[in-house]
Amino acid sequence: MLLKCISTLHTGEAMPVAKKPGSTVIAGSINQNGSLLIRATHVGADTTLSQIVKLVEEAQTSKAPIQQFADKLSGYFVPFIVFVSIATLLVWIVIGFLNFEIVETYFPVKVVVFDKTGTITHGTPVVNQVKLLTESNRISHHKILAIVGTAESNSEHPLGAAITKYCRQELDTETLGTCIDFQVVPGCGISCKVTNIEGLLHKNNWNIEDNNIKNASLVQIDASNEQSSTSSSMIIDAQISNALNAQQYKVLIGNREWMIRNGLVINNDVDDFMTEHEKKGRTAVLVAVDDELCGLIAIADTVKPEAELAVHILKSMGLEVVLMTGDNSKTARSIASQVGITKVFAEVLPSHKVAKVKQLQEEGKRVAMVGDGINDSPALAMANVGIAIGTGTDVAIEAADVVLIRNDLLDVVASIDLSRKTVKRIRINFVFALIYNLVGIPIAAGVFMPIGLVLQPWMGSAAMAASSVSVVLSSLFLKLYRKPTYENYELPARSQIGQKSPSEISVHVGIDDTSRNSPKLGLLDRIVNYSRASINSLLSDKRSLNSVVTSEPDKHSLLVGDFREDDDTAL
């Protein structure tokens, strides 16, 4: 058999290789001349060519030893990192639940402090009930109204105005008696002397304590002798007028503390009456005539309809919402529960409001104060941002940084939202200004002179103009801002807002920062602390029974004059 010469590309031979019968031929070889009869011993994937392709694929997919080591390390490292991340999340959740103050130390929370009367509430309270604390034969219901209405006629406090309005309606008169020696102590109450009220009683045919006046008031008019009757009436009126001028009443109206300062004792029954009203969100005011407790007036101020929604939106924006009021803790807790606020500073005197704002700032918090009264003005000025209600006093408006034209708490939300967008736009403007400088300065310094780029005067002018135009156009985008409407706010939050239970509300009394109840504890601890808080609250309210405070109040808290105290029980 003749030998054939075969050239192969697989083995890399330079010259053709001669083959004889029985020789192995690799698939893909080229026959140089003649013809060959070849028996296929391996086909398909078993061929040499397929094996070479397979080797190439294995070589391409195989990993270097260092790559294998990295993969092996990743197999342990990635699960470890995931485990540590989850553990970190859980640990901080537990820490935040048990003691959130630790978290606040490193991540200050921004605070919005709301005043109560005139801000959270309408500021136009109405009298719900007048209760006599003495026998009616000693002092009548109408006489109490005449005395109280006359005394409060000189007060500009919203609660005092509500009492005066109620008394005038009940007595059906616009003219009251005479009030002299009127004094007011913000956060406590008023004191004065009242005269010339018996004329109101005689006008309405009420009983007069003076026997002579009582006998004179029983004169009957005889239709047959009209002239004689008229003459008798004139004599009676003259007698009454002379007797009235000599009658004078010493009047005290205010809260528990005011009565204690003036040496009066509040018994348990009276305290229970006050507590019952305060739990319902009403302000209970005591009335003393001639150094004797004789009446209790319950006054309520309704919450603004948008207050609950505004508080919810502020919380959803990551802000802490606080209620600060000079009203008693029970009333403050009731109002807070209605609007969804969980932290309350109650019984805060006007002079202490600014101290409380400063205390929050010293804790590393940025404070926005919302109020409308004269006594809010120091706190508005002290806060990082003071927000005054447009319907408030001129002093509060002057002290505030932001004035809301409408009496709408949703404008507080809108003002914060607009301020955030404004600050964001300012930062974008800084970026525009920096870009032109970062590009222009290296050119002006000659960094690009080797490539022929030199700063020309027109380049500087163009960059300056472009920078100004960019900033102005960027700022004009704020004109596209539209304040969300009530419907925009209300629909998404409808299913989330709701009143808070009393156990969820933390009440801090006065300038003291000791909480009566904390919402950050476990269920069992909350129950125990709430019970303890109830006892402490009762003791603090009745502490006046054990001692009588005769010292005068701090002169800095006596803001006497034309003022509109917005949340104290001073009348």
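The exercises below concern a predicted model, and each is followed by a worked solution.

**Exercise 1.** Find in which order the seven strands of the open sheet lie, and which strands stand at its edges.

*Solution.* Reading across the open sheet, the order is β15-β14-β13-β4-β11-β12-β16, and the pairing is parallel. The edges are taken by β15 (402–404) and β16 (506–509), each of which has a single partner strand, so one side of each is left without a neighbour in the sheet. On average, neighbouring strands of this sheet are turned by 20° against each other, direction ignored.

**Exercise 2.** Describe how β4 is joined to β13, and which helix packs on the sheet there.

*Solution.* Strand β4 (residues 111–115) and strand β13 (residues 367–371) run parallel and are joined by four bridges. Within this pair, Val111 stands opposite Val367 in β13. The helix that packs on the sheet is α17 (residues 410–444), which touches β4, β13, β14 (385–389) and β15, and whose direction makes about 140° with that of β15.

**Exercise 3.** Determine which residues of helix α14 are buried, and why they lie on the same side of the helix.

*Solution.* With buried taken as under 20% relative accessible area, the buried residues in α14 (residues 350–362) are Pro350, Lys353, Lys356, Val357 and Leu360. They cover an arc of only 100° around the axis, and therefore they are on the same side of α14. In general, an α-helix has 3.6 residues a turn, so residues three or four places apart point the same way. The buried residues of α14 pack against β4, β11 (320–324), β12 (343–346), β13 and α15 (377–382). After α14 comes Gly364, whose phi is positive, near 90°.

Notes:
Residues are numbered from 1 along each chain as its sequence is written. This is a predicted model: local features need pLDDT of at least 70, side-chain atom pairs count only at pLDDT 80 or more; totals for chains, interfaces and linings use all residues. Side-chain values use heavy atoms; hydrogens and water are left out. Two strands pair if DSSP finds at least two bridges between them. Helices (H or I, at least four residues) and strands (E, at least two) are DSSP runs, numbered from the N terminus. Axes are lines fitted to C-alpha atoms, for helices over the stretch in contact, and angles run from 0 to 180 degrees between N-to-C directions. Contact means heavy atoms within 4.5 Å. Buried means under 20% relative accessible area, exposed over 50%, partly exposed in between (1.4 Å probe, protein chains only). The arc is that of the directions from the helix axis to the C-beta atoms.
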